[in-house]
Structures are given as C-alpha cells and as structure tokens.
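Work through the exercises below with the sequence and the model open. Each task is followed by a worked solution.

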Amino acid sequence: MNHYERTELEGLSTFKWQNPNKFNATNAAIAFLVAIVGFNLLSLVISPIMKLMIDSGVGMGIALCFSVVISQLFIFGLAYIFCKIKKVALFGGADLRLRFTFAPCLPALLLSVGTLLLIMPSHNYFAEKLGEVQKALFGGSTLDYLADIKITDAFAILFYAFVLAPILPAIAEEALFRGVIMSGLREFGNFFAIIVSGALFALMHGNYSQLILQFILGCEIAFVVIVNENYLLGIVMHFMNNLFAVLFGVFTTIALEMSPVLGNFLEGISVFLGLIMVCVAICYYFRLIKYKSTPSLYRTRRFAFYKPDLKKRPCCLLGKGDLLSNRFVVDNKVVVVNDNSNFLFFNGRKFHKFTKRSNKVVFAITLSVALLLAVGLIVLSFILVG
C-alpha cells in the first residue's frame, strides 16, 4: 500500500464502513447442502425430545415452541457462521441491505397476501387429495392428523402459532435463503437466483404437500428483495405469509364446519380479492422495474462500469475474478488496495480478501448433490409418514 492510499485510510476514520464483499454461487450451494443435512439430523434429535415432553405432560404447545426455537436458531446460526467465514455482512453484500424503509412494504404485502388468497383454496384441496393418495399407497395418515391431539395447553399453542412460528422463521430463514443463498446465486443473474433460491426454499421445508406453494412464495420474496434492494421486505413478506396461512386455515375450517356453502363462498371471495391484490402489485412492480431500468441524471445504472478518480476519492481496484458491486465506489465508503497478489478491502478495522468467482463445475456438483438429497428426503417422508 503506497503513501497516498495510507493517507486516504487515515482520513476515512469517520465513515460508516460498509462491507463490499459478497457470496458466490458455490457458497450458496454449500450453505444449502449443510442446511439440508444439518436440519434433518437436528430433526432426528428434536423429535424424540418432543415426544418425551408430550408424554411427560409438558404439553404439545411447549414442545412446539421448543422445536421452532431450536430449529430456527440452527438456521440463523448457520447463516451467521457463513457470513463470518466468508467475511460478508449479515443481511448485506453488494447492493442489498437491511433498510428500515416501510413505504415499499404495502405493495410487497399486497403481492404476498394476494397470492395466498388466490392459491390457498386450491392448495388445500391439493394437499387433501395428496394425503389420500399417500394413505392409499403406503397406509399413512391423512394430513388432518393434528385433529386427534387433545389441546390442554391452549396458550402455548396460540403463542407458537401466532408469535413464534411467524416471527422466528421470517428472520432466520431470510438470513439464510435470501441473505446467503439468493445473494450468492446472483452471480449467475437475478432470474437464475430467483428461480433456484425459490426451489431450494421449497425443498428445505420438506413438506411434499406444500412444494408448489412454497416455491411460488419463495420466488416472490426473492423478486421483491432484489427489485427493492432491501432484505426488510423479505422479512415482512415471510412473516405475513406465515401468520396469514394460520389465520386463513382457522377461519376456513370454522366456516366449513358451520356450513359447507359458507366455506365455499368465502373461498370464492378470497380468490377474487387475491386476484385483484396480485394484479395491483404486478402493475406496481412493472412500473418500478421500468423506472429503475431507465437512465437518469440523478441515478446510475446498477451494474454500470465506474472508474474512480484516485485523486478525489478512496480507490477501489478489482482484479479479474473478484466480486464487488460498483455502487460502493460511487458511495465513496470503501477502500480497496492491491498487495500485488490479492485485492483486499478495508472494513474499518483490517483488510480482507474478496470472494472469488465460482468454479462452475464445483458449483454444479455441490448443488446437484444437495438437490438429490433434498428430493430423496421428501420422497422418503411421503412413503414413511404414518
């Protein structure tokens, strides 16, 4: 590092430093592979503990709360560890950030809630029929097995259904699936990242009856996060999806028990309202994408090449194969220097190496192994659930 660059570093001590490093696609594939293996191994440990808690009289509600807390701590911890190892900011990297701006939340909620209203009736019908097929083929139980549970700890179950289950996955799963996996998959383009991360999100849940629903919602969340460049919207959408799914199930079940005609009427209304909400959201995002793709005197294209003036701002130098968003050069908050072998970035405390681009062969092999494992576990659960 020469004298000029050292002087620049000393003069930037007052900056709020941003980490410009980000994940690559191989990091994303490895994260999913570790998640699918670790989560299923953890399930093997949690299941007997839950059974012991229920048999000992602790109650189903407490057992469910214990299960969701442990599983989501594992997922969030995995995302946090990956960020520490790869020197990438949690809910950061490149042009995506966790920004507490709530105005874009309305169209995001319109899209997520509208989608649930639109497809939930058909999803429930599909899940019911799939449960009947599973029972006929393998002798398993239908999907309404929870109806046989005697609820003696109502408060704990309500706390699980309306507080823990909506909030914890919204934070932990977004940290992993959007913060690590989707972010890394963007190395091969936004469209690729949206579709593949949506598929991995659905497979991770391991519920064969919810694959289509989870895939659609996962793609929607990834799309909204990328378009708005804000992880907060993903957390809000995920929270609302989880909460609304519970509310929708409760109200439709009550309506169907009161009168099948009333239940069918409410389902029809939900489809109509959902279609309107989705159309409004699509119009909004179409205009937003069109606006962002139009050059302006006040905005630069997101991936436009930018050559910094080394005499006026901190220098940002990239080697071939290094990953970095040019936005941080424009924001004038990052210093990157060349030590003649690697390009390093300074995060306010010390220098770190940039993440290199993925080896496509390694990425393809890792992702294929993870996908085969995830699909195999879902097929196995379809056969063995009983």
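**Exercise 1.** Classify Phe223 and Tyr285 as buried, partly exposed or exposed.

Solution. The cut-offs are under 20% relative accessible area for buried and over 50% for exposed, with partly exposed in between (1.4 Å probe, protein chains only). Phe223 has 24% relative accessibility, so Phe223 is partly exposed. Tyr285 has a relative accessible area of 2% and is therefore buried.

The model is predicted: local features need pLDDT of at least 70, side-chain atom pairs count only at pLDDT 80 or more, and totals for chains, interfaces and linings use all residues. Residues are numbered from 1 along each chain as its sequence is written, and side-chain values use heavy atoms, without hydrogens and water.

**Exercise 2.** How many aromatic pairs does the structure hold, and what geometry has the pair Phe188 and Phe192?

Solution. Rings of Phe, Tyr and Trp (its six-membered ring) pair if their centres lie within 6.5 Å; planes under 30 degrees apart are stacked, over 60 edge-to-face, and the rest tilted. The structure holds eight such pairs. In one of them, the ring centres of Phe188 and Phe192 are 5.7 Å apart and the planes stand at 85°, so this pair is edge-to-face. Phe188 is partly exposed at 28% relative accessibility, and Phe192 is partly exposed with a relative accessible area of 28%. For Phe223 and Tyr285 the centres are 5.5 Å apart and the planes at 75°, so that pair is edge-to-face. This pair links distant parts of the chain, with Phe223 in helix 7 (residues 211-228) and Tyr285 in helix 9, 62 residues apart. Helices are DSSP runs of H or I with at least four residues, numbered from the N terminus. Phe188 and Phe192 also form one aromatic cluster with Phe363.

**Exercise 3.** Compare the span of helix 6 with the expected one.

Solution. The expected span is 1.5 Å times one less than the number of residues. Helix 6 (residues 190-205) has 16 residues, and 22 Å is expected. The model gives 23 Å from the first C-alpha to the last, close to that value. Among the buried residues of helix 6 are Ile194, Leu200 and Phe201. The charged end of Arg178 sits over the ring of Phe201, 4.7 Å from its centre (the criterion is NZ of Lys or CZ of Arg within 6 Å of the ring centre and within 35 degrees of the ring normal). After helix 6 comes Gly206, with a positive phi near 70°.

Terms used:
Helices (H or I, at least four residues) and strands (E, at least two) are DSSP runs, numbered from the N terminus.
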